[in-house]
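Please consult the sequence and structure shown here.

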Amino acid sequence: MQCFARRRCQLLVVPVLAGWALAAGADRAPPSRGPEVQDKPGTTSGAPNLAERITVAGVALDKHSGQGVSGVRVHFVGAPRDDGITAADGRFSTVTDRGRFGQWLLIFPGEHRSDRRIVRVRIPSDIDPEHAGRLELHVAPEDVPTQRQVRRPARQSRPPYSLEWDDQRSGVLCDRVDCVVCGTSANDGNRDNGSVAPTVYEKDLRAFFAEIDGRYPFFDLKGIRAAWAQVKPTLLARARECASDEAFLGIVVDAIRVLRDGHLGVAQAKVKLPAWPVRHYPGVSFLPATNGRVVVMYAPKDLAKTLATGTVVTKIDGVDARRFLERRSAEAWDAGGFFSSPQRARLFEYRIALRGEQGQEHTIRYLNNGEERSVTVESETAARGWPHTYNLPGDLKRVGRSFFYTKLADDVGYMYLRRVDTSVPGGIDEALQAHPKLKGWIVDLRGNGGGGYDRALIDRIKSFPRPVAVLIDAGCVSAAETLARDFRRYAKARLFGSVSGGSSSSKKTWSFPSGIASIRFPVRSRWRSDGEPIEFNGIEPDVEAEAVPEELKAGYNSTILRAQ
């Protein structure tokens, strides 16, 4: 049975505890109800049948902190005098008759009646009390509609437990059998009856799931909520069988891959992380080119003459090259990994193309003076990095670790930033002083892995000589993306290239309860100038610029030419 939870709000867990008090003789089929006269809405007359009374006790807990949630009103439909208000520790107890137990409400407090939030729940009146002791209600309070929005669905076949509001998207009564919200399985529901206690690894993994469920902000943005829910029970099962710290961290890494986030990872660990299997590729890198083509960006020495930069590739393993690489890109995103967006996954499939087992062979067909030829390449290069540049201007002067600059032939200045670090402010000052009277500047942020900067760099951007063009691609991530945004915002720069990597966020560090490791993960995105998150979306260029094979063959960089 699936559970649904929308948006980024905390989930309440309201167990219906085993303390259901049934009067003598009421533990089997419920007795028939006596006559009852309805005097007016909200009141009843006639003596109640005590054999039909049932005490419902429970506790409203914040799933992520374990603290009680006070002020939640438990109310059974049609029975106005049975309210139970959760106390400071979240506990409540209320009484209703068996016949009224078909529906009940959870009412979350509000300053005014119109501010209150209501969830209407339907439960079978003949529910087995023993089974009811394992029920939990998952509710996302921020998604709960006001009372005016609650509506009854059309008559139809119902599941055993259902929420009766707004297409049932915010919660469901959960019997802890393969629950996709809390990631439990049928065995978990029996732990209180003497089964094996959870291991340290399982407790750690559950704590990690709770932290991510409560704080990770990008499930819906990236469309990964279902994949995350689906994988949690499998990972918990592996944690129960886990026998070493190293193996447990391997499970954690597998969980991180599902979240598809370049900024989420193990920050510190008491043991060495398991070695990631090394994949190999032929050493050839590609670029998407104009007119739906694919062009060689880089090839190793043994292939450099055959597959020189600018060579058009027509087919890979018998399939149209562009279709082949685009399909691999989509498959990479679907499989998950350490990237924050489809465009970033695509970058890797082009730049570290044909990754797989060492020794694997691929057939590449390419154009040589208009004639199609074929070459067989073998995956012998370890995929431990990726080419960032091609055909950059010559005579680049270096400042510090990451800043390079020069003057192009047409009196346009050029700056290349490999990272955003302490060398950037001084590099900008030096470049502008060395070339004070140029027609304009190009700032190349392609392949920039980020870093950080402060107000001092923003002040330099505000006084940056104009016009200025900024080059971006999916290799531009994190602080490089906000830097591109700030050049556009403060220096009126135009952006050329392709959408940036979509990996820019504020992070926090969280530690497993056992202390085995710490996890660093995002808690909010940085924002674009249009108010949309940079995370996943990236920064969009003003002018899209793909590689032009003829320009690459001649030794030019197509994006730089477009910016000039």
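The sections below cover the basis of the model, the pocket and the helix pair.

## Basis

The model is predicted, with local features requiring pLDDT of at least 70 and side-chain atom pairs pLDDT 80 or more, while totals for chains, interfaces and linings use all residues. Residues are numbered from 1 along each chain as its sequence is written, and side-chain values use heavy atoms, without hydrogens and water.

## Second largest pocket

The second largest pocket has a volume of about 770 Å³. A pocket is an open set of points on a 1 Å grid over the protein atoms alone where a 1.4 Å probe fits, with protein on both sides within 12 Å along at least five of seven lines; lining residues have an atom within 4 Å of a point. Volume is the space filled by probe spheres set on the points, which are joined across faces, edges and corners.

Arg-257, Trp-276, Arg-279, Phe-338 and Arg-355 are the closest to the pocket centre among its 22 lining residues. Helices α6 (321–335) and α7 (342–351) each supply at least two lining residues, and α6 gives the largest share, four residues. Helices are DSSP runs (H or I, at least four residues) numbered from the N terminus. The lining comprises 12 nonpolar, three polar and seven charged residues; Ala, Val, Leu, Ile, Met, Phe, Trp, Tyr, Cys and Pro count as nonpolar, Asp, Glu, Lys and Arg as charged, and the others, Gly among them, as polar.

## Helices α9 and α10

Helix α9 (residues 455–462) packs against helix α10 (residues 479–490) at an angle of about 40 degrees, with axes 9 Å apart. Axes are lines fitted to C-alpha atoms over the stretch in contact, and angles run from 0 to 180 degrees between N-to-C directions.

In the contact (heavy atoms within 4.5 Å), α9 contributes Arg-455, Leu-457, Ile-458, Ile-461 and Lys-462, and α10 contributes Leu-483, Asp-486, Phe-487 and Tyr-490. By class, this contact has six nonpolar, no polar and three charged residues.
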